[in-house]
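Here's my note on the model you sent over. Have it open while you read.

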Amino acid sequence: MNHQLAWRSIQTLFFFTTVSLINIGCSPSYVIKAGLAEWNILSSRRPIDEVIQDTATPEHIRNKLVLVSEAREFASKTLRMDVGTSYTTFTQLDRDTLALVLSASPRDQLVPKTWWFPIVGSFPYRGFFEDNEALAEQSVLENEGFDTYLRPTSAFSTLGWFSDPILSTVLRQDEISLVETVLHELSHNHLFVKGQIDFNESFATFVGRFGTVEFFCDTPESSPRNILCLQAKARLRDHAEFEGFFSGLIRNLQVIYQDSALSYSEKITLRETLFSRHLADFKSEVQPKLEVLSYQNFLSTPINNATLLAQIRYHSRLEKFVELMEEQGGLKNAISHLKSNARSAKDPFSALTTDSS
């Protein structure tokens, strides 16, 4: 590791340790552990160009890193996003999963439990690098009556504070998912509104999905990427099909939760019946229409408020993002409009209409 990377890593550890002293919502021990984990990631970075040129690098890793570099250049030059120096380096992890992410919600409300962090504000989830700590915290929350959702994650963003490396865990994805992840995470570097996690994640989902289509489709018809272009477009149609079904589920669930005449136990009983009915509808009506995606995780992940909120968090008002893109004449212009208007608005989602500018 060169001296510059080493100094950056020391700065990172110092940053996370220092803010723990002023953070009343997050224990010092947790932040110190997070800082150490980040230090290990940053201290193991290698320049992507160096890894690509290294004859010892397996071909499939080399090809994926080339794709990462191309996607990063596309984000910077074509979409005009401020990507900083993120994803110019690579870190090989010694595990299959980067971290575990825990979220929670009351059982009779679609309201997330939040944790406060310095600089970035409140977040509706908390990351853990140790499985036993994540499971212990999940148990505590469930004993307190919360729905919980514990899931693995393979990528992260420090929102431009540090030069994030691409991780070996991300390279396990197929080409389309890899490019979508790169564009998603780089979107956080470009635009992040403090305390507005639903907007931030939905903006990144929008950029990741539609940017991936543009990335793979802006090539000659004879290019091998044309197949990936068709697949990326099919994924968009599958996403739209699922999200139409999912929106109906949420609307019906809110009818139950917002009925003040129902007791807590009655709401829980009715929601379980609703969940069962929608699972059956998904199998019989939605899955047969999907072209390339199966959304099998919707069947394998238990439905509760925490898992539903995780879905909502990344897919809030996506149709409005698409409408803005069409009004603005393309993805690049939509990104520019949101960059100029979202931070100054009381509600960043209001920037999805041109009247807000």
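The points below cover the nonpolar core, a helix pair and a cysteine.

1. This is a predicted model, where local features need pLDDT of at least 70, side-chain atom pairs count only at pLDDT 80 or more, and totals for chains, interfaces and linings use all residues. Residues are numbered from 1 along each chain as its sequence is written, and side-chain values use heavy atoms, with hydrogens and water left out.

2. Start with the largest nonpolar core, which has 54 residues. A nonpolar core is a set of buried Ala, Val, Leu, Ile, Met, Phe, Trp, Tyr and Cys residues joined through side-chain atoms within 4.5 Å; buried means under 20% relative accessible area (1.4 Å probe, protein chains only). Leu65, Ile166, Phe199, Phe321 and Leu338 touch the most other members.

3. Now look at Leu338: setting aside residues up to four places away in sequence, its contacts (heavy atoms within 4.5 Å) include Phe199, Phe203 and Phe321.

4. Helices here are DSSP runs (H or I, at least four residues), numbered from the N terminus. Helix 6 and helix 7 pack with their axes 8 Å apart, at an angle of about 135°; axes are lines fitted to C-alpha atoms over the stretch in contact, and angles run from 0 to 180 degrees between N-to-C directions. Among the residues that meet are Leu183 in helix 6 and Phe203 in helix 7.

5. Is Cys229 buried or exposed? Cys229 is buried, with a relative accessible area of 4%. This residue lies in helix 8 and touches Phe216 and Cys217, not counting residues up to four places away in sequence.

Definitions and conventions. Buried < 20%, exposed > 50% of the residue type's maximum accessible area, 1.4 Å probe, protein only. Helix = DSSP H or I, 4+ residues; strand = E, 2+ residues; numbered from the N terminus.
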